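Dear colleague,

Please find below the structure that I am handing over to you, followed by an account of what was found in it.

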Amino acid sequence: LAAAVVVAAGIRLAWIGKSTLVQVGGVAMALGALVVAFVIARRGGSGPAPPPTAPTSEVVEHERAELERQAELLQRVWLWYVAPLLPAIVAIYVDAFRRAPDGRGTVVALAAGTVAFLAGVVVFNRRAARALRQRTDAVLPRAPRPG
């Protein structure tokens with residue numbers, strides 16, 4: 001639902017934007033949101049669970065793999081979440097900077113705040129990935145490899 005809202009907002013910007021940069025930013029916003037939605041749809045859901053009759057080791061391995069997949073998504077949030085939206089952010093801020101010679105300080109401050117927010121998203125998601133991996137290792141130890 002959030003992706004649909006961002007796609008709609010991007011299309012609206014592309015349609016009514018008063019400059020080419022804003023229009024490009026709108027298209028980039030819509031495309032970036034589609035990339036994010038695609039990754040979430042493709043990698044965000046759980047894989048099929050083992051059957052109820054599966055051995056405990058198989059269930060544990062399945063749960064471990066699911067938690068590792070989630071940790072990897074958190075670790076790489078910069079790639080699949082932040083990066084697809086950056087072109088839109090840059091285009092819109094550059095346009096605002098060009099159009100507001102008297103308010104450039106405000107535009108720069110807003111852009112810096114946006115960069116800080118996105119950096120925080122990356123940092124907090126990496127911390128969450130690390131914590132998830134630590135808890136996974138503590139609760140679901142790896143099965144010994146035959147050999």
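**The nonpolar core**

The largest nonpolar core consists of nine residues: Val36, Val39, Leu73, Val77, Trp80, Val82, Leu118, Val121 and Val122. Such a core is a set of buried Ala, Val, Leu, Ile, Met, Phe, Trp, Tyr and Cys residues joined through side-chain atoms within 4.5 Å; buried means under 20% relative accessible area, exposed over 50%, and partly exposed in between, with a 1.4 Å probe and protein chains only. At least two residues of this core come from each of α2 (20–43), α4 and α5. Helices are DSSP runs of H or I with at least four residues, numbered from the N terminus. Apart from its neighbours within four places in sequence, Val39 is in contact (heavy atoms within 4.5 Å) with Gly44, Leu73 and Trp80.

Please note that this is a predicted model, in which local features need pLDDT of at least 70 and side-chain atom pairs count only at pLDDT 80 or more, while totals for chains, interfaces and linings use all residues. Residues are numbered from 1 along each chain as its sequence is written, and side-chain values use heavy atoms, with hydrogens and water left out.

**Helix packing**

Helix α4 (residues 77–99) and helix α5 (residues 104–139) have axes that come within 10 Å and cross at roughly 175 degrees. This crossing makes α4 roughly antiparallel to α5. Axes are lines fitted to C-alpha atoms, for helices over the stretch in contact, and the angles run from 0 to 180 degrees between N-to-C directions. Angles under 35 degrees count as roughly parallel, over 145 as roughly antiparallel, 65 to 115 as roughly perpendicular and the rest as oblique. Among the residues that make the contact are Val77, Tyr81, Val82 and Leu86 of α4, and Leu118, Val121 and Val122 of α5. By class, the contact of α4 with α5 has 16 nonpolar, two polar and three charged residues. Here Ala, Val, Leu, Ile, Met, Phe, Trp, Tyr, Cys and Pro count as nonpolar, Asp, Glu, Lys and Arg as charged, and the others, Gly among them, as polar.

The axes of α3 and α4 come within 5 Å and cross at roughly 45 degrees, and the two helices are therefore oblique to each other. On the α3 side, Leu73, Leu74 and Gln75 meet Val77, Trp78 and Trp80 of α4. The contact of α3 with α4 comprises five nonpolar residues, one polar and no charged.

**The aromatic pair**

One aromatic pair is present in the structure. Trp80 and Tyr81 form this pair, which is edge-to-face, with 5.9 Å centre to centre and 70 degrees between the planes. Rings of Phe, Tyr and Trp (its six-membered ring) pair if their centres lie within 6.5 Å; planes under 30 degrees apart count as stacked, over 60 as edge-to-face and the rest as tilted. Trp80 is buried, at 16% relative accessible area, whereas Tyr81 is partly exposed, at 33%.

**Arg64 and Thr136**

Arg64 lies in helix α3 (residues 56–75) and counts as buried, at 3% relative accessibility. Beyond its neighbours within four places in sequence, Arg64 contacts Thr136, Asp137, Leu140, Pro141 and Arg142. Thr136, in helix α5, is buried as well, with a relative accessible area of 6%. Not counting residues up to four places away in sequence, Thr136 touches Arg64, Leu67 and Pro141.
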